[in-house]
Amino acid sequence: VFAHIVRAPEDPILGVTVAYNKDPSPVKLNLGVGAYRTEEGKPLVLNVVRQAEQQLVNDRSRVKEYLPIVGLAEYNKLSAKLILGADSPAIQENRVTTVQCLSGTGSLRVGGEFLARHYHQLTIYIPLPTWGNHPKVFTLAGLSVKTYRYYDPATRGLDFQGLLEDLGSAPSGAIVLLHACAHNPTGVDPTIQQWEQIRQLMRSKALLPFFDSAYQGFASGSLDADAQPVRMFVADGGECLVAQSYAKNMGLYGERVGALSIVCKSADVASRVESQLKLVIRPMYSSPPIHGASIVATILKDRNLYTEWTIELKAMADRIISMRQQLFDALRARGTPGDWSHIIKQIGMFTFTGLNSEQVAFMTRQYHVYMTSDGRISMAGLSSRTVPHLADAIHAAVTS
Ligand code: LMR
């Protein structure tokens, strides 16, 4: 009965790792998936995560019972505080409902399904380009996906005029997906002044913001600075949704730990929204896993662990920034044709190089450099040792 099934293509991002794993070359380099690597090219488990896990293991009173449908209560509170700010009036007024979800993807999916069931507008605008999974997540959640202009290939920067025009002509009430910081895949973010203009435009048209916050702390190294766009929208008293992930900023990729917060107009609305979120979650996966959320809660509630986390996070962000400089310098030293200044201007985990799919294929074939075909490279996968190899590959790709 399954004989007719055709083979599906690999995922455009995760499939890069599948191809990489099959390559026997000793010089192969995986710059596909956005996953942090050390200078030695190894995955990193943060020291604070090890400490938190030790505490959890030592605590014999901990059991493995089911969590409630909405997850670990303490974790949800701490997550809302982390993104909205400890002094957020929305939190103090109990207008925020937060549910623990399966990392950023799961949070987007639960939020999308909630909106598809209960919100009056089914159209969601996503930036062009955006993370490849966004359109799939929202389409399967039951929303209708449209795009707004975001990136200008000519300047390798923000197409702010195009963004304002497209959001300006969106139907009233439409949902708008916004990358809270460190836009994936472009590494191009609006300035704070531009965010303010976006906020005014969206509020004047009653567009509903849905933030995807996957990189808090990774863009600037500061958790507060990276949360500022979200906080600007919450400060005006309006509604919004926020999907959070701890994959990158705590290195908890495989623990699948994230949260969806919905900021409402009143505590009463928030509690009714939460009751409906439970109806979305229960038939989907019943309740979320306990371990990752316990690690996060342990770190966020302990002053010392929290401080240590911010230091480790800043070190990761700084290492990525230094990779940008090193790659830029290496291309300049080779006299590689083109203006590569966007490598140091873009922020966060990724550089959107401007290399086309043929050039990427060439680099993979000839240099065993693996990256997504849209020309995105994960700067977090680079090290001082591998920068020269990547620079050689880019140089050959643009000059051959
Ligand atoms: C990425 O864009 O590489 C990450 O967000 C990982 C993923 O799940 O795609």
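Helix α3 (residues 73-84) lies across β2, β8 (208-213), β9 and β10, running at about 110° to β2; contact here requires C-beta atoms, placed from the backbone, within 7 Å, and angles, from 0 to 180 degrees, are taken between N-to-C directions of axes fitted to C-alpha atoms, for helices over the stretch in contact. The model is a predicted one, in which local features need pLDDT of at least 70 and side-chain atom pairs count only at pLDDT 80 or more, whereas totals for chains, interfaces and linings use all residues. Residues are numbered from 1 along each chain as its sequence is written. Helices (H or I, at least four residues) and strands (E, at least two) are DSSP runs, numbered from the N terminus.

The strands β2-β10-β9-β8-β7-β3-β4, in this order, form an open sheet of seven with mixed pairing, where pairing requires at least two DSSP bridges between two strands. At its edges stand β2 (96-102) and β4 (144-149), each of which pairs on one side only, and the twist from one strand to the next averages 25°. Strands β9 (residues 240-245) and β10 (residues 257-263) run antiparallel and are joined by six bridges, with L241 having I262 of β10 as its bridge partner.

Helices α11 (residues 291-301) and α12 (residues 303-334) pack with their axes 5 Å apart and at an angle of about 100°, and are therefore roughly perpendicular to each other, a class that spans 65 to 115 degrees. To this contact α11 contributes T298, I299 and L300, and α12 contributes L305, Y306 and W309.

Definitions and conventions
Parallel < 35°, antiparallel > 145°, perpendicular 65-115°, else oblique. Contact = placed C-beta atoms within 7 Å.
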